[in-house]
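Hi there,

Here is the structure I promised to pass on. My notes on it follow below.

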Amino acid sequence: MIIDVVSAFIASFAFGIIFNIKGKNLFFASFCGALGWFVYKISLKLGNSDTTSMFLASIALSTYSEIFARILKTPVTTFVVAALIPLVPGGGMYYTMYEAITGDIITSLEIGIKTLASAGVLSIGIILVSTITKAIVKYRRYYKI
Amino acid sequence: MNINDILHLSTYAGKIMLENGAEAYRVEETMNKISEAFGVEKPDSYATPTAIISSASHKGETKSVVVRILKRSVNLEKIHRVNDLARNIKNNNYTVEEFKEKLKEIDNEKRYSNKVTILFSAIGALSFTFLFGGGLKDAAAAFFIGLIVKFFDIEADKIGLNSFFSTIICSAITAFLAILSIKLNIAADIDKVIIGSIMLLVPGLAITNAIRDTIAGDLISGIARAVEAFLIAIGVAAGTGVVLSFWINTFGGL
């Protein structure tokens, strides 16, 4: 578990370097990646399905990103991109392809649909949080709170 | 006040942001913010991943300009800097010339050197292998595959190969090296090695931007990015698939 979270941190950090994030943003982005993976693993341990865990992780990481983007005055993408990478279902993509070339089309379809569902659920999590954030910001501006 | 200069200035800022992977709505917002800060009455702009159309109306005079975006890479630091700069025009009382100098400074800023990028790609591949349950030997193999793949990726970028094709080549190399590492007994589990290494090629930014553009209402940009993400994903599958299926069919199994 600890090794996993540390690996996620390093993986996000590496992607921060590839995407050229600099300064303290880099550390906050890597921490975001670790947080996303931590939530995903905890949720799996609690017996949730893979898709649900993915959803919760995506909500956690995008909430974190929206908050810290406002504190550090930087685009939200800076954090979301680096943190999202570990959760992208690369494994699902690979197994879908592998089953297809070895001739097991039914399994390939099954894994393929699961992979699509994971990717879709990731985006729904981000959409949900960012829409709610926008609504809160508009509400506060409208009523001048 | 010269409306021409301001229009070129705002599209220059927009160009920097789009070339480095910003969302469409952020580019439009930033461009309008810059024009407004310098006193243009009615600026308007439309940005897609491949072009910017921008116009400015001021005291009965209307100008417009089209800027094509031909190269696209990812550099989040530049987006952050331009975004920050555009927000603080009024606070810092920039003149048009000063602002142009600042933008040029950002545009010419160096990114992390290729060596550092390659090294961290390798470290990324290593930690992804751990993340997906690979052992120490698998991670070591993924480390070296990451080094080689990122090197090829950067070289392909230099000669201007399109990203779809270079993804196929890179993932084919990944699959080949992974098979090699199994045959040479360096790694134990081929699935983990390949998955760890292809995570470097996964279209993370395209996915994120596709989502963010679509919910911001920029449907054209959203669809364009979604297609990009999908093509890259297909490219990864095709590249690894061709090599693996060739190997299985020729040598009868992995």
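A nonpolar core here means a set of buried Ala, Val, Leu, Ile, Met, Phe, Trp, Tyr and Cys residues joined through C-beta atoms within 7 Å. Buried means that 20 or more other C-beta atoms lie within 10 Å of a residue's own, with C-beta atoms placed from the backbone. This is a predicted model, so local features need pLDDT of at least 70 and side-chain atom pairs count only at pLDDT 80 or more, while totals for chains, interfaces and linings use all residues. Residues are numbered from 1 along each chain as its sequence is written, and chains are lettered from A and ligands numbered from 1 in the order in which they are written.

The largest nonpolar core has 119 residues, and A:Phe79, A:Ala82 and B:Ala13 have the most contacts inside it. At least three of its residues come from each of domain 1 (3-107) and domain 2 (114-251) of chain B; these bounds come from an automatic or database domain assignment. Leaving out residues up to four places away in sequence, A:Phe79 touches A:Phe28, A:Cys32 and A:Phe68, among others (a contact has C-beta atoms, placed from the backbone, within 7 Å).

Chain A has 145 residues, of which 52% count as buried. Its C-alpha trace spans about 60 × 35 × 30 Å along the principal axes.

In chain B, the C-alpha centres of domain 1 and domain 2 lie 34 Å apart. Contacts link 7 residues of domain 1 of chain B with 10 residues of domain 2 of chain B.

Happy reading!

Technical notes:
Buried ≥ 20, exposed ≤ 12 C-beta atoms within 10 Å, placed from the backbone. Contact = placed C-beta atoms within 7 Å.
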